[in-house]
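Me: I am new to reading protein models. Could you walk me through this one, feature by feature?

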Amino acid sequence: MSKFDLYQNSDKRCNSYAGAYRINNLTFVFFIIPLFFSFKATAQKAEPIKSDRGEVVTIHSGILNEDRRILIYTPKDTANPEKKYPVIYVLETDNHFAQMVEYAKYLSRQDVSVIPPLIVVGITNTDRSRDLTPSHSIVDYSGKPDTTAHAPYKNSGGNEHFLQFIQKELMPYVNSNYKTQPYRIFAGHSFGALTTINCLINYPDMFDAYIAVSPSFWWDQKFLLKLADKKLKAGSTLSKTLFFADGNEDSSSPGSPFHTAVLKFDSLLKKRNIKGLDFEYMPYPSESHMTVPIKAYYDGLRFIYHQWQLPPVSDEKINPEIIIDHYKGLSQRFGYPILPDEAYINNLAQWLVKNPETLNNGIKLLEMNTINYPSSSRAFAALGAAYALKGEKQKAIASYKKASELNPTSNQIKSLIQELQQ
């Protein structure tokens with residue numbers, strides 16, 4: 001049995017890295033970021049298990065004929081509770097959900113701001129080899145069939161039903177219960193990456209972007225690689241984003257089927273020149289099958305959102321027109337209206353108004369914020385402070401009064417108005 005079979009053939013081994021993969025005789029413990037959930041069974045109608053990092057819900061799948069536990073993290077924006085977010089669906093949740101949550105939180109922070117805040121949905125395993133394989137096969141990584149009663153792949157080939165569950169049951173649940181934008185990302189590792197590629201080929205419209213880390217193209221005599229060769233026609237159109245990667249899988253065996261198959265998939269995409277497909281393949285030769293997700297999921301998010309960050313502009317030249325044009329481009333790329341983030345623009349403007357030479361630029365950005373967020377007391381209060389700093393007392397009073405109307409319980413704003421009126 002190869003080291004890949006140790007990883008692939010059972011949920012129990014997949015969830016326990018000590019039995020899944022060893023590197024230089026040192027067990028690699030993935031939980032550098034702790035899991036934040038207690039996986040207790042919950043009835044479908046019971047309240048979700050909640051924590052400060054998300055919640056665990058249980059929904060019943062008629063398609064799969066079983067209960068499925070789903071982990072869901074939602075960003076917190078107390079100033080804008082109605083804000084909607086793109087969603088990333090993550091497979092192999094027991095291993096990668098916490099990692100994806102931390103990446104999403106950090107990369108969307110106001111002082112980083114290279115991706116938008118994301119809702120993270122993690123799908124737990126019940127029968128991994130059943131759900132995450134596109135065809136039925138009892139042949140293992142080494143090419144040997146297993147016909148025993150306890151063969152690890154005897155239930156394989158259920159990917160079709162699993163994708164139907166996601167599309168027809170899980171997505172409607174998420175869209176009904178959370179504030180979602182119409183942009184979805186699908187991420188998976190190993191068999192999970194096989195699933196994401198299978199979805200891209202057969203049901204591309206389910207998601208807008210795909211991250212596939214170390215896809216197991218070796219499965220069933222390269223079943224999915226052959227399917228890609230058949231269905232991804234030269235010159236066809238597929239307006240999607242794809243990031244895929246692999247590590248040093250079976251590096252001790254030159255020409256191993258794992259890495260060779262991934263290279264063939266990359267070559268196929270390049271030769272077919274598929275219109276609209278924005279893709280990148282990234283090899284990580286110094287990473288193993290089990291460490292590569294740490295780098296690849298980060299790079300995958302950065303690739304999908306590589307245009308998100310506002311391009312460098314000097315303090316003296318920054319203005320609303322530059323920002324508006326940038327976000328218009330983002331709206332076109334991602335397919336839904338995207339406004340400049342209120343808090344990000346406010347922080348930028350606060351920096352500008354400290355300098356007399358860029359004070360007017362800061363005020364213009366704050367004025368833009370009040371147009372984009374007319375119900376935000378914070379936006380009008382910040383503009384009032386900037387007007388006061390410039391000495392435009394009447395404009396400051398008017399802005400503070402608007403802020404007070406939106407937040408009548410704020411004694412601080414009322415005091416500022418009184419000070420200016422004296």
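**Reading the model step by step**

Reply: Gladly! Let us begin with S236: leaving aside neighbours within four places in sequence, S236 is in contact with I274 and K275, where contact means heavy atoms within 4.5 Å. This is a predicted model, in which local features need pLDDT of at least 70, side-chain atom pairs count only at pLDDT 80 or more, and totals for chains, interfaces and linings use all residues. Residues are numbered from 1 along each chain as its sequence is written, and side-chain values use heavy atoms, with hydrogens and water left out.

Me: Where is S236 found?

Reply: Helices (H or I, at least four residues) and strands (E, at least two) are DSSP runs, numbered from the N terminus. S236 sits in the loop between α8 (219–231) and β10 (241–246). S236 and L277 are 41 residues apart in sequence, and their C-alpha atoms are 9.6 Å apart in space.

Me: How many helices and strands does the chain have?

Reply: The chain comes to 16 helices and 11 strands. Among its contacts between residues at least 6 apart in sequence, 69% join residues at least 24 apart.

Me: Is V262 buried or exposed?

Reply: Buried means under 20% relative accessible area, exposed means over 50%, and partly exposed is in between (1.4 Å probe, protein chains only). V262 has a relative accessible area of 0%, so V262 is buried. V262 belongs to helix α9 (residues 257–272) and, not counting residues up to four places away in sequence, touches P215, F217, F244, D246 and Y281. One of these, F217, is 45 residues from V262 in sequence and 6.8 Å away in space, C-alpha to C-alpha. For the chain, buried residues make up 53% of the 422 residues. S236, by contrast, counts as partly exposed because its relative accessibility is 23%.

Me: Which phi value does N273 have?

Reply: N273 is not a glycine, yet it has a positive phi of about 50 degrees. N273 lies in the loop between α9 and β11 (278–283) and is exposed, with a relative accessible area of 58%. K222 is another residue that is not a glycine and has a positive phi, here about 65 degrees. K222 is placed in helix α8 and counts as partly exposed, at 25% relative accessibility.

Me: How do I read a helix pair, and at what angle do α13 and α14 pack?

Reply: Axes are lines fitted to C-alpha atoms, for helices over the stretch in contact, and angles run from 0 to 180 degrees between N-to-C directions. Angles under 35 degrees count as roughly parallel, over 145 as roughly antiparallel, 65 to 115 as roughly perpendicular and the rest as oblique. Helix α13 (residues 359–372) and helix α14 (residues 377–390) pack at about 155 degrees, with axes 9 Å apart. So α13 is roughly antiparallel to α14.

Me: Which residues of α15 meet α16?

Reply: First the geometry: the axes of α15 (residues 393–406) and α16 (residues 411–421) come within 9 Å and cross at roughly 155 degrees. That angle means α15 is roughly antiparallel to α16. From α15, K393, A396, I397, Y400, K401, A403 and S404 meet I413, K414, L416, I417, L420 and Q421 in α16.
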